[in-house]
Each structure stands twice: as structure tokens, then as C-alpha cells.
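Biologist: I am new to this one. Please walk me through it, then take a close look at a single part.

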Amino acid sequence: MPYDEVFARGIHVVTTGAVFAVPVAEIGLGFALDLARQISAADADFRAGTELWGGDGNAAARLLTGADVGIVGFGDLGRALGRLLTGFRCNIKVFDPWLPPSTLEDHQVTPATLETVLTQSDFIFVMASVTSENRGFLGAEEFAAMRPGAAFILLSRADVVDFDALLDAVERGHIVAASDVWPLEPLPAGHRARALPGLIHSAHRAGALDVAF
């Protein structure tokens, strides 16, 4: 959007983020639980007749309760997610360069650097808007710095990550991930992301509920 031009013409620009915040936060919570307990993967195994029963099927499972959680971006989406996570008693660290530490502390989360969020989190939720300055700011170096097995959940805009680097990190088995947004929408039929294990796919539907519209 050419902000300088629309402002010069006296056109006001507003955001609809607030009405989409709760639907996006809820699906983000669903992604986190799915990645923590391999719900979709276990369902696929069951359908294929290769399921593992009981504890044998939980080799990589973990709890969201009490986990170290990092949130990148604490606008309407991040705050809605923070409220949902309250009952899970997570240790929540937030990186948002636009907000003073006091604002984050008022929401009972811990202000942190991006490095701290990436290196000290079991679950990382990206809720940051894309700007001309932060395009692709999460790349190969950032993914490599994450804890082995960390769950990376992208809910805002695809352009904040280097998508090839994200897919590489998942393909290596270093992290697992879920994404509601993609560099091309619709994603081409032969795109490698479609068949990549360890990645939950969502077709930009997180906020698209009738109640939000």
C-alpha cells in the first residue's frame, strides 16, 4: 500500500486486525497442541495402518503446559494468543521492538530480545506484521539457532521469513512447523512444502470465520 500517497490524498487507513485476533489465536493454539502431540501425524499413520500404540506413539510428544513460549509481535494477534495461553502456565517471552517493556509487563509476559525468544523457546509464534525493514528477517541463521525440535508457528505474513530456509530447517528435522500463510497463494501443486513431513499446512484460513467477517 502506498501510504505516503494515500495520506497525501487525505485517505484514512485502518486495520481489521482486532476482529481477526481471536480466531487466529485459537488456530495457533491448535497448531501448537498438534505439533506437541503429533495429532495430525498420528491420524495419518492410523489411516495408513502404521500407527504406534500407547507410549510407543509418544516418543517425540511433549506438553504445552509449563513450556517456554516465545512470541514475535505483540499486537492484537499476540495479545489474544497470550490470553489463551494463560491457562497453560507457560513461561512467555515476547519480542516486539515497537512496544516498551512496561507494556509487555502489563500483559504478564517477559520482554526479550529476538535472540532470546528464538534460542530459549519450545514453541515460537510469529505474529509480526511485515514492513519494508523486516522482510525476511527470520532466515537460515535464525532457524539454526532454535532449540532442536522447537515448534515454529507462522500466523501473520509469509514475507517475514525466508521460506526456503524455513522448509530446509523442517526437512533437516531440526524443527517442526505450522504455517497459515505462504509465499505464493495458492501454493503451486508441485511445491515441496506440500509433501514435507513435520509441517502443518493451513490455506490462509486462520481468521476467515463468519463471526470475524
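Biologist: Among contacts between residues at least 6 apart in sequence, what share join residues at least 24 apart? And H174, please: where does H174 lie, and which residues is it in contact with?

Modeller: This is a predicted model, where local features need pLDDT of at least 70, side-chain atom pairs count only at pLDDT 80 or more, and totals for chains, interfaces and linings use all residues. Residues are numbered from 1 along each chain as its sequence is written, and side-chain values use heavy atoms, without hydrogens or water.

Your share is 64%. Contact means heavy atoms within 4.5 Å.

Next, the whole protein. It has eight helices and seven strands. These are DSSP runs, numbered from the N terminus: H or I of at least four residues for helices, E of at least two for strands. The radius of gyration, taken over C-alpha atoms, is 18 Å. A compact globule of 213 residues would have a value near 17 Å, so the two agree. The globule rule is 2.2 Å times the number of residues to the power 0.38. Of the 213 residues, 40% count as buried.

Now H174. It sits in the loop between α8 (163-171) and β6 (175-179). H174 counts as buried because its relative accessibility is 17%. Buried means under 20% relative accessible area, exposed over 50%, and partly exposed in between, with a 1.4 Å probe and protein chains only. Setting aside neighbours within four places in sequence, H174 is in contact with F143, A144, M146, R147, P148, G149, A150 and A169. One of these partners is A169, and α8 spans 163-171.
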